[in-house]
Amino acid sequence: MPEAGWCDGCKAYVWLDESGGCVNGHEASMVSGVYEAEPDRDLLEEALESAERAAERAGEAAKGAWEEARPLLKDAGATAEKAANELAEGLKRFGEAIAGRTPRASDPSPPPPEPEGTPDDSESG
Ligand SMILES: [Zn+2]
């Protein structure tokens, strides 16, 4: 699990590099409160999924329109096919661009709050 901590240089929670320093170049001595943080994978996956659905819908609509228009466009077939291919290519690139984003690009979430009311096992009487 990736590690994050408070950086005095950045005055923010940051991801740590392999040597325990801030990913923005500050040394490990400036980092305190190190904790393990979950990347915002849920958010990323949610964005990916909705983009995928949108691309699917757009793809189906474009395909339907293309199938309908195809007989009418026999003469201009080459041009229309090229346009359809360009649309498909654009959708593909859009998906790739989103998929290329790494969770690490965003700031880590702050550490979880300290548990309150720790079990009191030092009961003596
Ligand atoms: Zn820093």
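Is Glu-18 buried or exposed? The points below take up this residue and others.

1. Basis of the note. This is a predicted model, in which local features need pLDDT of at least 70 and side-chain atom pairs count only at pLDDT 80 or more, while totals for chains, interfaces and linings use all residues. Residues are numbered from 1 along each chain as its sequence is written, and side-chain values use heavy atoms, with hydrogens and water left out.

2. Glu-18. With a relative accessible area of 86%, Glu-18 is exposed; the term means over 50% relative accessible area, whereas buried means under 20% and partly exposed lies in between (1.4 Å probe, protein chains only). The residue is found in the loop between E2 and strand E3 (31–36). From C-alpha to C-alpha, Glu-18 and Pro-2 are 9.5 Å apart in space, and 16 residues apart in sequence.

3. Overall architecture. The protein has 2 helices and 3 strands, with the order β-β-β-α-α from the N terminus on. Helices (H or I, at least four residues) and strands (E, at least two) are DSSP runs, numbered from the N terminus. Of the 125 residues in the protein, 17% are buried.

4. Lys-11. Although Lys-11 is not a glycine, it has a positive phi of about 55°. Most residues other than glycine have a negative phi. Lys-11 sits in the loop between strand E1 (3–7) and strand E2 (12–15), and its relative accessible area of 58% makes it exposed.

5. Cysteines. The structure holds 0 disulfides, a disulfide being a pair of cysteine sulfur atoms within 2.5 Å. Cys-7 is buried, at a relative accessible area of 0%, and Cys-22 is likewise buried, at 1%.

6. Negative patch. Glu-49, Glu-52, Glu-56 and Glu-60 form a surface patch of negative charge. Patches are made of residues with over 30% relative accessible area and no salt bridge, like charges being joined within 9 Å and nonpolar side chains (Val, Leu, Ile, Met, Phe, Trp, Tyr) within 5 Å. A salt bridge here is a side-chain nitrogen of Lys or Arg within 4 Å of a carboxyl oxygen of Asp or Glu.

7. Ala-58. Helix H1 also contains Ala-58, which counts as partly exposed at 33% relative accessibility. Ala-58 and Leu-87 are separated by 29 residues in sequence and by 9.6 Å in space, C-alpha to C-alpha.

Key. Accessible areas come from the Shrake-Rupley method with a 1.4 Å probe; for residues, only the protein chains shown count as cover. Lys and Arg count as positive and Asp and Glu as negative; His and the chain ends are not counted. The place of a charge is taken as NZ of Lys, CZ of Arg, CG of Asp or CD of Glu.
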